[in-house]
Amino acid sequence: MKVLFRQERSETIPVEEDFSCPTLQEDIEKTRYALEIAYAGFDNATNFDLIDCYIYEVNSLLKRYKYLTELAAAEKQTVPELRPESPIRALIGQVFG
């Protein structure tokens, strides 16, 4: 029995990746999205270790969000509004007073 293997050359398609520095607005949006994910994970966690993990993650992201919004205020940029259905609206309201 004769086995033949044939390997065709495939054309490589160049992939353009964006390695530019994100803007402050993009950083705020990414932090807000990560905060929503962490908050949802906290709501669904049942293990005590996972609950602790999500508490630390939410606190860390809240501090990052606060820093970024203060930086945006110092640069006189507008901070995008939270969606009305956002679960983190109450958290951010408590942090910023």
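**Figure 1. Packing of H1 against H2 in the predicted model.** H1 and H2 pack with their axes 9 Å apart, at an angle of about 160 degrees. An angle over 145 degrees counts as roughly antiparallel, so H1 is roughly antiparallel to H2. The crossing of H1 past H2 is left-handed. On the H1 side, the contact is made by Leu24, Asp27, Ile28, Thr31, Arg32, Ala34, Leu35, Ala38, Tyr39, Gly41 and Phe42. H2 contributes Ile51, Tyr54, Ile55, Glu57, Val58, Leu61, Leu62, Arg64, Tyr65, Leu68, Leu71 and Ala72. The structure shown is a predicted model.

Figure 2. Threonine 31 belongs to helix H1, which covers residues 24-44. Is threonine 31 buried or exposed? Its relative accessibility is 3%, so threonine 31 counts as buried. A polar atom of the threonine 31 side chain lies 2.8 Å from the backbone oxygen of aspartate 27. Beyond its neighbours within four places in sequence, threonine 31 is in contact with Leu61, Arg64, Tyr65 and Leu68.

**Figure 3. Helix H2 from end to end.** H2 spans residues 48-74, 27 residues in total. From first C-alpha to last, H2 reaches 39 Å, close to the 39 Å expected at 1.5 Å a residue. Its N-terminal end is capped by asparagine 47. A side-chain oxygen of asparagine 47 lies 2.8 Å from the backbone nitrogen of aspartate 49. After H2 comes lysine 76, with a positive phi near 55 degrees. Buried residues of H2 are Val58, Leu61, Leu62, Tyr65, Leu68, Thr69 and Ala72.

**Figure 4. Serine 60 on H2.** Serine 60 sits in helix H2. How exposed is serine 60? Its relative accessible area is 45%, so serine 60 is partly exposed. Leucine 35 is 25 residues away from serine 60 along the chain, yet their C-alpha atoms are separated by 9.2 Å.

**Figure 5. The whole protein.** The protein has three helices and zero strands. From the N terminus on, its elements run α-α-α. Of its 97 residues, 23% count as buried. Among contacts with a separation of 6 or more, 71% are between residues 24 or more positions apart.

Methods. Residues numbered from 1 in each chain as written. Predicted model: local features only at pLDDT ≥ 70, side-chain atom pairs only at ≥ 80, totals over all residues. Heavy atoms only, no water. Helix = DSSP H or I, 4+ residues; strand = E, 2+ residues; numbered from the N terminus. Buried < 20%, exposed > 50% of the residue type's maximum accessible area, 1.4 Å probe, protein only. Polar contact = N/O pair within 3.5 Å; in protein donor to acceptor, adjacent residues only side chain to side chain. Contact = heavy atoms within 4.5 Å. Expected span 1.5 Å × (residues − 1). Axes fitted to C-alpha atoms, helices over the stretch in contact; angles between N-to-C directions. Parallel < 35°, antiparallel > 145°, perpendicular 65-115°, else oblique. Left-handed = near helix turned anticlockwise from the far one by under 90°.
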